[in-house]
Every structure is written in C-alpha cells, then in structure tokens.
Amino acid sequence: MTDLSTVTFGSGTDPYNKAAERGWDITDASELTSSLELEADVVIVGTGAGGGTAAETFSKAGLSVVLLEAGPLKTSSEFDMQERAAYRDLYQEGTGRGTKDGGMVILQGRSVGGSTTVNWTTSFRTPPETLKFWAEHKGVSGCSVEEMAPYFKHMEGRLNIHKWPQAPNPNNAMLQRAAEKLGYRWATIHRNVRGCLNLGYCGLGCPVDAKQSMLVTTIPGALDREAKLIHRARVVRVLREGDVVKGVEAEALTANVRGTTGQTITVRATRTILAGGAINRSGSVRAHRKANLLAPDDAGHGDLRRVDRSLLRRAAVDLLRPFSVAECPHGASRIQVGGAAASAGLRGRVLRCCRRANHREHGPAQPHPVHDRPHA
Ligand SMILES: Cc1cc2nc3c(=O)[nH]c(=O)nc-3n(C[C@H](O)[C@H](O)[C@H](O)COP(=O)(O)OP(=O)(O)OC[C@H]3O[C@@H](n4cnc5c(N)ncnc54)[C@H](O)[C@@H]3O)c2cc1C
C-alpha cells in the first residue's frame with residue numbers, strides 16, 4: 001500500500017476542473033428554476049458502464065446526445081476516501097439497498113459514472129461458457145467469442161485494461177498457494193487503471209483519477225463532442241406514442257437527491273437508451289413500471305421473463321457491443337437497457353426493443369428471428 005502522507009490529492013487530475021474551458025455542457029437539475037424541454041438524436045438514462053459507453057459511441061457517430069443521471073456529479077476533487085460522504089453521495093440508497101429478505105446488501109453506484117465510479121476495477125472478458133449459455137438459453141445472438149473479440153479489444157484499449165503488475169498482498173498470496181496446492185487454476189486480475197497508487201479505496205471514488213471509470217473516460221469523451229449531461233435528474237416516465245418510444249421525462253432532484261424540486265426535464269429523442277443498471281427498482285425500472293413497460297413485479301437482475309411481453313416480443317439482447325447507429329435495420333424507435341455485471345464498460349447488458357411496424361421506410365414489419373419467437 002502507498003504511504004498516504006506522500007500523496008498529493010486534488011492535484012489537477014480532475015478533468016471536470018476544466019469543464020468550462022473545454023466547453024462542456026453540464027446542468028445540475030437541482031438548480032433549474034424552470035422546466036426544460038429538449039430534443040436530441042439520443043437520450044441516455046444513466047451514466048454508468050452502459051450509458052457512458054453508449055454516449056461516447058453515439059457522440060463519435062455525430063449524433064446529438066443527452067445524458068440524464070439521477071445521482072450527482074461528484075469528482076476526484078471531492079473524493080477524500082471517507083466512507084461517510086462516499087456512501088451517501090455515490091451509492092444507491094447510501095449502500096442501504098438489499099434483497100427483499102434483507103439477507104444480502106446490493107451495492108450499486110448512483111452518481112455520474114454510475115457503478116464504475118465506485119467499482120473495484122477487476123476487468124475480464126465475459127467467459128466463453130457464459131456467452132455460450134446466453135446464446136443457447138437466452139436467445140442472445142451475434143455474441144460469440146469471435147464476434148465479441150473486437151468489441152472487447154476496443155474497450156480494453158479505451159479503458160487501459162491490463163494485467164495488474166504488482167505482487168499479490170499476503171492474503172492473495174495465500175490464496176494463490178492454496179489454489180496451487182489444490183490444483184485449481186488461478187490468474188492475476190486485469191484492471192482498468194492508469195497510474196494506480198494502490199491506495200485500496202476504489203469503492204469510495206478514486207481520488208487521483210487512476211481508475212478509468214466512465215467518469216473520466218467515455219463521459220468526458222462524449223462531452224468533448226457536445227453531448228449534454230444533466231445530473232440530479234431522475235427519469236420517471238418513458239414517453240410513448242402507441243408503442244413507439246419518443247423520449248423520456250425526468251424530475252429534477254434536490255441538491256441532496258432525496259426530494260424533488262418540482263421542475264421537470266423532457267427530452268424528445270429518436271433513440272432512447274435505458275442504462276440505469278439491471279438491478280434497479282428505484283430508478284429506471286420504476287419509471288418503466290409507471291409507463292407500463294414492465295410487469296408490476298420486480299425486474300431483478302434484468303430477468304427478461306418479468307418484462308412486459310407485448311414489448312419484448314420485439315426485443316433482442318446484445319452484450320456491450322458499441323452501438324453502431326447505422327447498424328439498426330429497423331428504425332428510429334428503440335429502447336436499450338444497460339445492465340448486469342459489466343466490468344467497467346466491457347460487459348454491459350443491453351436490451352434492445354425495435355418497433356419496426358412504425359418505421360415506414362423499411363416497409364411492413366417482418367418476423368424477427370429473436371423478437372418474434374413464440375413465447376413458452
Ligand atoms: C462497489 C462495486 C464494486 C464493483 N466491482 C466490480 C469489479 O471489480 N469488476 C466488475 O466487472 N464489475 C464490478 N462492479 C459492477 C459494475 O460496476 C457494474 O456491473 C456496471 O457498472 C453496470 O453498468 P450499468 O451501466 O448497467 O449500471 P451502472 O454502472 O450501475 O449505472 C447506472 C446509472 O444509472 C443511474 N440511474 C438509474 N436509474 C435512473 C433513472 N431513473 N434516471 C436517471 N438515472 C438513473 C444510476 O444512478 C447509475 O448512476 C462493481 C459494482 C459495485 C457497486
């Protein structure tokens with residue numbers, strides 16, 4: 001571990017200190033004195049692994065992007081490695097989220113950068129057996145090891161993922177010896193860090209911006225390309241015309257993100273991406289419920305079976321493929337839900353609903369091999 005007395009914090013690594021200079025368009029919704037009406041090519045709900053990656057990808061493709069984040073914008077200038085502020089500011093329910101029976105704590109981030117701001121940086125590719133399972137049992141297509149390889153490679157480069165070079169600490173060294181003795185396979189983890197000081201406080205926000213979270217990588221990348229970021233803005237409604245998604249409505253939250261100010265933010269967009277995390281009763285899932293897009297029970301772990309089938313008839317699941325805009329053959333209206341165990345942007349789970357019938361230039365809707373499969 002690094003001797004903390006030798007480290008200088010707040011020493012200019014925070015990219016948000018230069019936000020004005022770089023022309024970044026960032027709004028704190030708690031400060032709005034009137035409601036906002038916006039239009040964009042793409043509106044993204046959530047700024048974690050899924051949302052951040054999507055924002056940079058779409059911005060790079062030349063589309064106008066609005067990012068809505070329920071949590072606050074907190075950056076390394078404020079990260080002081082103290083649990084009291086970090087848990088309150090950076091986690092859903094101040095780390096109080098748990099399973100229904102109270103048996104397990106469920107940690108999820110809630111600030112700009114989502115869980116990637118507080119995660120522990122272990123970064124590995126989705127194991128082949130998992131991809132195979134999803135393909136065989138969950139109807140996931142186009143995500144074989146070979147098909148995913150270039151996307152993994154791209155994000156590994158973007159997030160500086162590499163094998164952790166330092167010697168294991170005594171407890172990990174003991175695990176290593178034990179694994180060897182038992183004949184188990186073991187490996188050193190890969191991490192998405194750049195200039196890590198090995199402070200051991202990843203879960204409280206990296207105070208020196210070594211962690212290559214969305215906060216310091218893809219979101220700045222999107223902001224540099226004129227994306228708009230609105231934080232303390234909780235999406236509560238998906239706007240629809242019939243089954244066609246037209247954007248979202250958010251409520252502005254107070255500075256402590258516990259209450260609402262009464263102002264709203266409406267974003268009309270041709271593409272709507274819900275990337276609020278797979279385990280998310282309090283955020284986008286509840287918003288969906290209000291919009292009747294989800295069944296009234298919990299949508300825990302992004303379990304597709306729980307989602308409203310009338311919409312999911314036309315859904316496919318992708319695994320963090322950077323979204324090529326030109327690629328969608330179906331049309332302008334779709335919903336994507338970022339999700340499950342993404343490793344700092346590598347394994348975001350994306351659920352895409354395409355509503356093709358309304359997209360005239362593509363002609364009448366054709367049966368889709370995944371979307372239109374008969375349900376059991
Ligand atoms: C403490 C911790 C350690 C972890 N360590 C690792 C690790 O070492 N390796 C690894 O691979 N994974 C790790 N993870 C998991 C990984 O970070 C997540 O799987 C990944 O970030 C999920 O990406 P996501 O985009 O789906 O959601 P998130 O990154 O959670 O982002 C979702 C964002 O959406 C916002 N949001 C939700 N609802 C709304 C709404 N209605 N309106 C507006 N905004 C909304 C949330 O506030 C949040 O900021 C860790 C997670 C945590 C919490």
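The structure is a predicted model, in which local features need pLDDT of at least 70 and side-chain atom pairs count only at pLDDT 80 or more, while totals for chains, interfaces and linings use all residues. Residues are numbered from 1 along each chain as its sequence is written.

The secondary structure of the protein consists of eight helices and twelve strands. Helices (H or I, at least four residues) and strands (E, at least two) are DSSP runs, numbered from the N terminus. Of the 376 residues in the protein, 42% are buried. A residue is called buried if 20 or more other C-beta atoms lie within 10 Å of its own, exposed if 12 or fewer do, and partly exposed in between, with C-beta atoms placed from the backbone. Two residues are in contact if their C-beta atoms, placed from the backbone, lie within 7 Å. Among the contacts with a separation of 6 or more, 70% join residues 24 or more positions apart.

Strand 3 (residues 65-69) is largely enclosed by the rest of the structure, because five of its five residues are buried. In a regular strand the side chains alternate between the two faces of the sheet. In strand 3 both faces are covered, with Val 65, Leu 67 and Glu 69 buried on one side and Val 66 and Leu 68 buried on the other. Two strands are said to pair if DSSP finds at least two bridges between them. Strand 2 (residues 36-45) and strand 3 run parallel and are joined by four bridges. The chain passes from strand 2 through helix 1 (residues 49-60) to strand 3 in a right-handed β-α-β crossover. Right-handed here describes a path that runs clockwise from the first strand over the helix to the second, with the strands pointing away from the viewer. Within this pair of strands, Ile 44 has Leu 67 as its bridge partner, and Val 45 stands opposite Leu 68.

Strand 3 also pairs in the parallel sense with strand 6 (residues 228-231), over four bridges. Here Leu 68 stands opposite Ile 230 of strand 6. Strand 2, in turn, pairs in the parallel sense with strand 9 (residues 260-274) over nine bridges. Leu 38 has Val 267 of strand 9 as its bridge partner.

A nonpolar core is a set of buried Ala, Val, Leu, Ile, Met, Phe, Trp, Tyr and Cys residues joined through C-beta atoms within 7 Å. The largest such core has 41 residues, and those with the most contacts inside it are Val 43, Ile 44, Ala 55, Val 65, Leu 67, Leu 68 and Ala 233. At least two residues of this core come from each of strand 2, helix 1, strand 3, helix 6 (218-223), strand 6, strand 7, strand 8 (244-253) and strand 9. Another core, of eleven residues, lies apart from it and includes Ala 86, Leu 90, Val 193 and Leu 204. Leaving out residues up to four places away in sequence, Val 43 touches Val 66, Leu 68, Gly 247, Val 248, Val 267, Ala 269 and Thr 272.

In helix 2 (residues 83-90), the buried residues are Ala 86, Asp 89 and Leu 90. They cover an arc of only 85° around the axis and therefore lie on the same side of helix 2. The arc is that of the directions from the helix axis to the C-beta atoms. Glu 83 and Arg 84, on the other side of helix 2, are exposed.

Helix 4 (residues 145-158) has 14 residues, which should span 20 Å at 1.5 Å a residue, and its end C-alpha atoms are 19 Å apart, in agreement. The expected span is 1.5 Å times one less than the number of residues in the helix. Met 148, Phe 152 and Met 155 are the buried residues of helix 4. Met 155 counts as buried because it has 26 C-beta neighbours inside 10 Å. The C-alpha atoms of Met 155 and Asn 192 are separated by 9.8 Å, although these residues are 37 residues apart along the chain.

Most residues other than glycine have a negative phi. Asn 160 lies in the loop between helix 4 and strand 4 (161-163) and is partly exposed, with 16 other C-beta atoms within 10 Å. Arg 232 also has a positive phi, near 55°. Arg 232 is found in the loop between strand 6 and strand 7 (233-241) and counts as buried, with 28 C-beta neighbours inside 10 Å.
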